[in-house]
Amino acid sequence: MEKKTIVTGVIGADVHAVGNKILAFALDQAGFNVVNLGVMVSQEEFIAAAIETNADAILVSSLYGHGEIDCNGLREKCNEAGLKDIPLLAGGNIVVGKQEFSEVEKRFIAMGFTKVYPPGTQIETTIADLNEILGIK
Amino acid sequence: MNYLTVDFGSTFTKLTFIDSIREEVISTSAAFTTIDTNVMDGFGKALQNLENKIGQFKYDRLLCCSSAAGGLKMVALGLVPELTAKAAKMAASSAGAKVIKTYSFEISKREQDEIYQINPDLVLLCGGTDGGNKEVIIANAIRLSQIERNFSIIVAGNKSASYQIEEIFSKSGKDFVITDNVMPYFNNLVIEPAKSSIKDLFIRKIVEAKGLSTIQNMTDFKIIPTPLAVMYGCELLSKGTSKNPGIGDLMAIDIGGATTDVYSMSKGNPSVSNVMIKGIPEPYSKRSVEGDLGMRYSLSSVCEQVDIEMLSIKYGIDIKIIKDWIELCINNPDTISQNGSIQERVEAIIAREAISIAVQRHAGVMESIFTPMGEIYTLTGKDLTQVESVIGIGGAIKNSSDPTFILEGAKFDLSNITSTKPKNPCYMIDEKYIFASMGLLSTVDKDLAFKILKKEIKQIN
């Protein structure tokens, strides 16, 4: 079966590079075709890469607490660019302070995200979700 | 051994006669290019002019390049503007073609008609990484196959779409060649195969269409596009040969009547630390062509982009003199300014401004961004701030009494600190217009071409 393509990167003005490399490595090992955009990636860059590589999902990381602002509007822009039903996943330290994660999750789902992960999530969880979303056995 | 190089330009056919034993250019000559009747007439006239200068001579090898009739017109198609569409444009420009327009995404009916109007010689079709998006490149292949013009197509896009594309073009009887993807995987630029396909098609097309078959039959060496020859010359001077070290990073600027060409030979790595690199990587040898910046045919669009009033104040020249001169040149493209006149000064000021814009478009952009982690720089394109030499090619620079002033347009400018132009370059000039000639010669004898280049390209400041 052809490999599924995942576009990943750290959104906004965030320069946390280490976790990004580990994520990309783990996804690659799990059999995905990984397009890693690195750190400080804008919404437009995620979309451009996803169009050009015909990506199956976009996996957004944010570690510096501004993730909610950075991710807002990504779904709308994807729709505009023709990436209509592309799964959007987000994880990391996506919000500031001690907030109830279920509330955060609600807000991200309302923003059009398919899955959101709290801090400390194991990559295996996300890989399992990706396999399910993309119909990989 | 004696070499004769010929450059069939759009206006002049230029000859350079080289003696390999004395390792120098013996003489040069020129005559009007006679593209409308028979190019051989102009060539014969130039030979006669050369003979008048140095007497009877014999050459052992003949090397030719051509940009006759404005060179080969090309359009490029890609998918995302800042990705494969940009890569397509870069590949075509670097191969020496004149890129009239670049299109992205699925082209519209209007764009399809526009390509018909442009009537290009070559079309470069890109789009999608290997295994990536193929709908758009296939859709564009269908659109191109419907355009009833006699152009050749170079396909350098998603390899997974090549079967279908081959079928589309074979069915419609279009002349096409499929080569490696310019962006096989994300942000990885591979432009050499596309470049070499463009070069091969160029030779075929130019020989057929521009009546250069007689001259091609006179030599074993293929006729190449003039800008590619200039690029070879620049590369040689920058890198040197196995025996002679080159002069390092350089930039060359050729400002003509209709276009301004900028070449940079540099990796363009960031010169400061803490820099994030953005966008697609650019090649060591990069050429860009600005079709809206030129000293005659494109003068009106230069003037739209500069502030004439500000220039008048800055240089203390009456605005009426500037405006009158510009009008005269637009209406009479063969106008030449008198040496030492105020018009010559105006000419130099406009050339300097045009170069400033052209180099700004060619160079990269370094921006600072404040993040929660402090100030961080991002670089898009090449960082050319450390480039050591800026070389002027072309009449507007060569014939000016103050070429340094004109070339200083290429220099880093405090009013636009994000543009990575050279900060402290020395200026050089190609007085005899030998870059193309030496580029041609380098395909046969690198060391000889390098020695002559080093001798002839002179520092002026």
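In this predicted model, the centres of domain 1 and domain 2 of chain B lie 34 Å apart, taken over C-alpha atoms. Where do these domains fall along the chain? Domain 1 of chain B is made of two stretches, 2-69 and 210-222. Domain 2 covers 72-202.

How confident is the predictor? Chain B has a mean pLDDT of 92. In chain B, 99% of the residues reach 70 or more. For the complex, the predictor gives an ipTM of 0.82 and a pTM of 0.87.

Strand β1 of chain B spans residues 2-8. Strand β2 of chain B spans residues 12-19. The two strands run antiparallel, joined by seven bridges. One facing pair is Tyr3(B) and Ile18(B), the latter in β2(B). A hairpin of three residues links β1(B) to β2(B).

β2(B) has another partner. It pairs with strand β3 of chain B, residues 24-32, again in the antiparallel sense. Eight bridges hold this pairing. Here Thr13(B) stands opposite Ala31(B) in β3(B). Four residues lie between β2(B) and β3(B) in their hairpin. Look at Glu23(B) in that turn: its phi is positive, about 55°.

Why is β2(B) largely enclosed by the rest of the structure? Count its buried residues. A residue is buried if 20 or more other C-beta atoms lie within 10 Å of its own. Six of the eight residues of β2(B) are buried, so the strand is largely enclosed. As a general point, side chains in a regular strand alternate between the two faces of the sheet.

Next, find Asn119(B). It sits in the loop between α3 (109-118) and β7 (122-125) of chain B. Asn119(B) counts as partly exposed because it has 13 C-beta neighbours inside 10 Å. Arg149(B) is 30 residues away from Asn119(B) in sequence. In space, the two are 6.5 Å apart, C-alpha to C-alpha.

Finally, turn to where the chains meet. How many residues does each chain bring to the contact? Chain A gives eleven residues, and chain B gives 17 residues. On the side of chain A that touches chain B, the largest share comes from helix α2 of chain A, residues 43-53. This helix supplies five residues. What kinds of residue make up that side of chain A? Eight are nonpolar, two are polar and one is charged.

Definitions and conventions:
Residues numbered from 1 in each chain as written. Chains lettered and ligands numbered in written order. Predicted model: local features only at pLDDT ≥ 70, side-chain atom pairs only at ≥ 80, totals over all residues. Contact = placed C-beta atoms within 7 Å. Nonpolar A, V, L, I, M, F, W, Y, C, P; charged D, E, K, R; others polar. pLDDT = per-residue confidence, 0-100. Buried ≥ 20, exposed ≤ 12 C-beta atoms within 10 Å, placed from the backbone. Pairing = 2+ DSSP bridges. Domains from an automatic or database assignment.
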